[in-house]
Amino acid sequence: MRASIIGVGLIGGSIGLAARERLGAEVTGWDPSPAAVETACARGALDRGAGSLEAAVADAQVVFVAAPVGALAETVERVLRAIPPDCVVTDVGSTKRSVVAAVADPRFVGGHPLAGAETAGVEHARADLFQDAVWYLTPTETTTGTLFERLHRLLRELGAKPTAIDAATHDHMLAAVSHLPHVVANVLVAQAARALEDESEQLPATGPSFRDATRVAGANSAIWTDIYLANRDALIERIDDATRRLGEFRALLSAADADGVTAWNDAAREDRRRLLEAQLAGGTVHELRASVPNEPGVVARLALELGRAGVNITDMALYPAPNQAEGVVALWIAGDEPAERALALIAEQGFPVARA
Ligand SMILES: NC(=O)C1=CN([C@@H]2O[C@H](COP(=O)(O)OP(=O)(O)OC[C@H]3O[C@@H](n4cnc5c(N)ncnc54)[C@H](O)[C@@H]3O)[C@@H](O)[C@H]2O)C=CC1
Ligand SMILES: O=C(O)C(=O)Cc1ccc(O)cc1
């Protein structure tokens, strides 16, 4: 497998380490910072650095674009102009609408690993960063099924859990579970640091809860300014919602409503439990086989439909029929109930489907 990485920072570097270690891939990379390329080679994240983006991808079977969100659309287009025809291109940007709207090429599939850190640069890259992490993919009606399948398999081999989602749903969800938490962490440290400016005030001691809630405060501005701006409409909605919730709690306090405060706190515990429980779906893996016409977008549509219903595809394989007009998609789904749901959803799409 020949893989190429454009933007060799924390995420690009981690993909390089994992691809070389786990896939035995030959990895070439390019970054506008020569120092990043040099460190990536020294750390074993790249087999070699290339002199230009075009040279880095000329021979690739898969390209990961791991640049800041604001540079993604232009960089992906540049990659698409330079790759061989049978190469899949993906990105890792934390927001998806802008790049997916700008790039309409059957060889491109948007992506976003839900894994990372508050650090930056290939110095902090790790081969195990994506182990068991959800890795969102945003295929569209034009995505080539076989290239989507190749990317899906590669990500599984990197240890991740690829999950199809549409770009708008992704950005709205991420505003709530990633972008707002980063904003709130910044607000918390700014509040506590007021004491630094007022010499008469004693510096607060920071306990574990403060450290947990603020680990990501001031995370890498080289990527976060772009993320906040690219998702500003969804993030503003979440900030307004959070402000309203703070206002509700303020009202409970102001009324000294002890029962209300207890109910509010209990509801938070229950919400957190349900959110964390939802990540632990597992169980027996079932193989389903669906017959589908060999048309652009069919595989993407199936993956998106299952993703929307919360069904995770553990693995997938495509078997085109000799006449090339139709084919079989094999899907492996973990858990009895999700497999049942997947069977029903695929049948609803009008495709014959059975357990293998
Ligand atoms: N840091 C994290 O935890 C996560 C970050 N992401 C996304 O991954 C991408 C990369 O982020 P990190 O690796 O954390 O940042 P980073 O700052 O560690 O690395 C970014 C790299 O991109 C390079 N770069 C800048 N402009 C470029 C361009 N025009 N073309 C190619 N390369 C360029 C920089 O020189 C740098 O080496 C961003 O899109 C970010 O939203 C996704 C998931 C997690
Ligand atoms: O460090 C953490 O907890 C993070 O949240 C890292 C992170 C940053 C950006 C992403 O798009 C996904 C994950």
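**Stop 1: the ligand shell**

Select ligand 1 and the residues around it: the shell divides into 18 nonpolar, 11 polar and one charged. Here Ala, Val, Leu, Ile, Met, Phe, Trp, Tyr, Cys and Pro count as nonpolar, Asp, Glu, Lys and Arg as charged, and the others, Gly among them, as polar.

Before going on, keep in mind that this is a predicted model, where local features need pLDDT of at least 70, side-chain atom pairs count only at pLDDT 80 or more, and totals for chains, interfaces and linings use all residues. Residues are numbered from 1 along each chain as its sequence is written, while chains are lettered from A and ligands numbered from 1 in the order in which they are written.

Now label Gly 7, Gly 9, Ala 71, Ser 94 and Gly 116, which come nearest of the 30 residues around ligand 1. (A residue is near a molecule or strand if its C-beta atom, placed from the backbone, lies within 6 Å of it.) Then show α1 (10-22), β6 (108-113) and α10 (221-230), each of which supplies at least two residues of the shell. Helices (H or I, at least four residues) and strands (E, at least two) are DSSP runs, numbered from the N terminus.

**Stop 2: the domains**

Colour the chain in three pieces: domain 1 (2-165), domain 2 (170-273) and domain 3 (285-355). Those bounds come from an automatic or database domain assignment. Why does ligand 1 lie between domain 1 and domain 2? Because both of these domains give residues to its shell.

Next, select the contact between domain 1 and domain 3: 17 residues of domain 1 meet 13 residues of domain 3, with contact taken as C-beta atoms, placed from the backbone, within 7 Å. On the domain 1 side, α6 (145-157) and β8 (161-164) each supply at least two residues, and α6 gives the most, with six. That side divides into five nonpolar, eight polar and four charged residues.

**Stop 3: a four-stranded sheet**

Show the open sheet with the order β10-β11-β9-β12 and antiparallel pairing; two strands pair if DSSP finds at least two bridges between them. At the edges are β10 (313-320) and β12 (353-355), each pairing on one side only. Zoom in on β10 and β11 (residues 326-334), which pair over seven bridges. Which residue of β11 is the bridge partner of Ala 317? Click Ala 330.

Technical notes: Two residues are in contact if their C-beta atoms, placed from the backbone, lie within 7 Å.
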